[in-house]
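Colleague: Could you walk me through this one? I'd like to start with the inside and then move on to the strands.

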Amino acid sequence: MLRRNFLPLLFQNLPNIRIDVTLVNLPFSVRDTRGQLVLNLTRDDIEVLEDGVPQIIKHFSQGGASTLSLGLIADVSGSQKDFLKDHRRDLRDFLKNVVQTRDRAFLVCFGNNLRLVSPLTGEMDQIATRLQQFQKADHYEGFPIVGPREYRISGTAFYDAIIHSTEEILAQADSGRRALVVFSDGEDNASARHLLDAIETAQRAGVVVFCVRYTELKNGRWNARNKYGRAVMERIAKETGGLDLDATDSNDLKAQFRQISQMLRASYDLGYSSSNTPDGSFRKIQLRAKRAGLIFRHKTGYFAREN
């Protein structure tokens, strides 16, 4: 029988063992040459490459069987004052046409600060009601701040809204499917962080971002800020595998919302173990089909941060 004081001697010369496992989650959707969603893919039908190197797929499933955790982010800054009723209408339509009974959603409103208007819930009627209450409120004490208490005199913290909604709420959700829907014009002048931070945060959390854009035009003409905001929303949607929708002149987004619903319900969840060592660099992801004529939509890559 070994005496207790001899036990440390048994282990002091053993080598340290370190196991690095980097699992990359990759939700994606597929369409054929006619634009129809493809619903019958299997693990054997595709190949995933990271920086051109084939990777080992660890899990593969259809996303339609998963619960969706959804973040709704509404811009209430000055440039959106003429669209507040549109926000309420379109948000209600979105919840009605996209969200299912097993799903959960939350609502964050932002101008120069970010406010949690409705926490993660399965009660969708509550979200629309809380948005109307927030828009009509004289003060916001009942709506907690999201993210750090940054000192901002005025402006629009668009990037911070995406970052902190993802990090503090959506990334903590239990379900495997995560998405953000942002109602805004994409213009930012008050965030502590920048566009690339917003994209990277969504990519790392496996969050698909859908942008619903309302742009205030002067005499029907686009100015430089309008064009900047449009480019921002287009890029965020593309880099995360989502869609950018123009709501400026539309009174009915039901068709576009159905498109989002189809992408979320008819998509796939894939996970692979990266063969690369995490070193902080950007890793480009490519999906390749073993049959011709398929078009993939997914995040373009991720930053391989060290743990």
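Colleague: Which residues of the largest nonpolar core touch the most other members?
Modeller: Of the 35 residues in that core, L70, L72, L91, F94, L107 and F210 touch the most other members. A nonpolar core here is a set of buried Ala, Val, Leu, Ile, Met, Phe, Trp, Tyr and Cys residues joined through side-chain atoms within 4.5 Å, where buried means under 20% relative accessible area with a 1.4 Å probe, protein chains only. This is a predicted model, in which local features need pLDDT of at least 70, side-chain atom pairs count only at pLDDT 80 or more, and totals for chains, interfaces and linings use all residues. Residues are numbered from 1 along each chain as its sequence is written, and side-chain values use heavy atoms, with hydrogens and water left out.

Colleague: What is L107 in contact with?
Modeller: Leaving aside neighbours within four places in sequence, L107 has contacts (heavy atoms within 4.5 Å) that include L72, L91 and I127.

Colleague: Switching to strands, in what order do the four of the open sheet come?
Modeller: The order is β4-β11-β1-β13, with antiparallel pairing, and two strands count as paired if DSSP finds at least two bridges between them.

Colleague: How many bridges join β1 to β11?
Modeller: Six bridges join them, and V24 has Y272 in β11 as its bridge partner.

Terms used. Buried means under 20% relative accessible area, exposed over 50%, partly exposed in between (1.4 Å probe, protein chains only). Helices (H or I, at least four residues) and strands (E, at least two) are DSSP runs, numbered from the N terminus.
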